[in-house]
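Good morning, colleagues. Today I shall present one structure and speak about its rings, its helices and its charged side chains.

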Amino acid sequence: MTPAPFFFGMTTGLSLIVAIGAQNAFVLRQGIRKEHVFTTALVCALSDAVLICAGVSGMGVLVERLPWLLVIARLGGFLFLATYAAFAFRRSFKPESLKISDSTHSVTTLSIIGTTLALTWLNPHVYIDTVLLLGSVAVAQGDGAPWFAFGAIAASFIWFFVLAYAARILAPLFAKPKAWQILDFTIGILMLLFATFLIWPLFAN
């Protein structure tokens, strides 16, 4: 069995996932805060694994034939991202709540899991890239499709854990509330942009 499909799947997966997005911004923030880092990275990676397997097993064809599923995903994603942006802006104007702490008493594990799942599963680009695109490319590999899927899944695990834990290097910088204000304000702007990009195609059509 040639390893070519595995490495092809890994490079293709990385090319799609290594981009500025709501999910990556959240993982970065959690890594800097040192708050439920492992859980955040794991939920993102496992979600990608499920979506990749769905695409390879033919779920991509279903989503392609039922475009209204993407419409619902766009609306839900817009509402969630807009709300998250509002919370980010609110945090940016409250420096006392932005101090780095090793304590996670203010945010529960279930809350982090819920937010991570929403940022992943309410993003229609996930279905377009991970399910449709990766699914179609995997099918084109023939007998190598499973290896392609394993490669793409490996890419997701590597990326999310590296992003989450490498973010800790920036922790000293964010010991100052001002740095958190800038980060959260930037995240708020990005979330609004992502929300706009999600909803715009519905009006353009």
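Let me begin with a definition: the expected span of a helix is 1.5 Å times one less than its number of residues. Please keep in mind as well that this is a predicted model.

With that definition, consider helix H3, which covers residues 37-56. Helix H3 has 20 residues, and the distance from its first C-alpha to its last is 29 Å, close to the expected 28 Å. Just after H3 comes glycine 58, whose phi is positive, at about 110 degrees.

I turn now to the aromatic rings. In general, two numbers describe a pair of aromatic rings: the distance of the centres and the angle of the planes. How many aromatic pairs does the structure hold? The count is 7 aromatic pairs.

One of them joins phenylalanine 8 and phenylalanine 148, with 5.4 Å from centre to centre and 65 degrees between the planes. This pair is edge-to-face, because an angle over 60 degrees places a pair in that class. Where do the two partners lie? Phenylalanine 8 belongs to helix H1, residues 4-17, and phenylalanine 148 to helix H8, residues 145-166, so the pair ties together parts that are 140 residues apart in sequence. Phenylalanine 148, at 1% relative accessibility, counts as buried, because buried means under 20%.

A further edge-to-face pair is formed by tryptophan 147 and phenylalanine 150, with centres 6.2 Å apart and planes at 85 degrees. Here both residues lie in helix H8, 3 residues apart, which is about one turn of the helix. Tryptophan 147 is partly exposed, with a relative accessible area of 35%, and phenylalanine 150 is also partly exposed, at 47%.

Ring pairs also build a cluster, which links Phe38, Phe157, Phe161 and Tyr165.

Finally, I come to the charged side chains. In general, side chains of opposite charge can pair when their charged atoms come close. Which residues form the salt bridge in this model? The partners are arginine 33 and glutamate 35, and their closest N and O atoms are 3.1 Å apart. The pair counts as a salt bridge because the cut-off is 4 Å, and the total comes to 1 salt bridge. Arginine 33 counts as buried, at 12% relative accessibility. Glutamate 35 is buried too, with a relative accessible area of 3%.

Thank you for your attention.

Note on methods:
Residues numbered from 1 in each chain as written. Predicted model: local features only at pLDDT ≥ 70, side-chain atom pairs only at ≥ 80, totals over all residues. Heavy atoms only, no water. Phe/Tyr/Trp six-rings, centres within 6.5 Å; stacked < 30°, edge-to-face > 60°. Helix = DSSP H or I, 4+ residues; strand = E, 2+ residues; numbered from the N terminus. Buried < 20%, exposed > 50% of the residue type's maximum accessible area, 1.4 Å probe, protein only. Salt bridge = Lys/Arg side-chain N within 4 Å of Asp/Glu carboxyl O.
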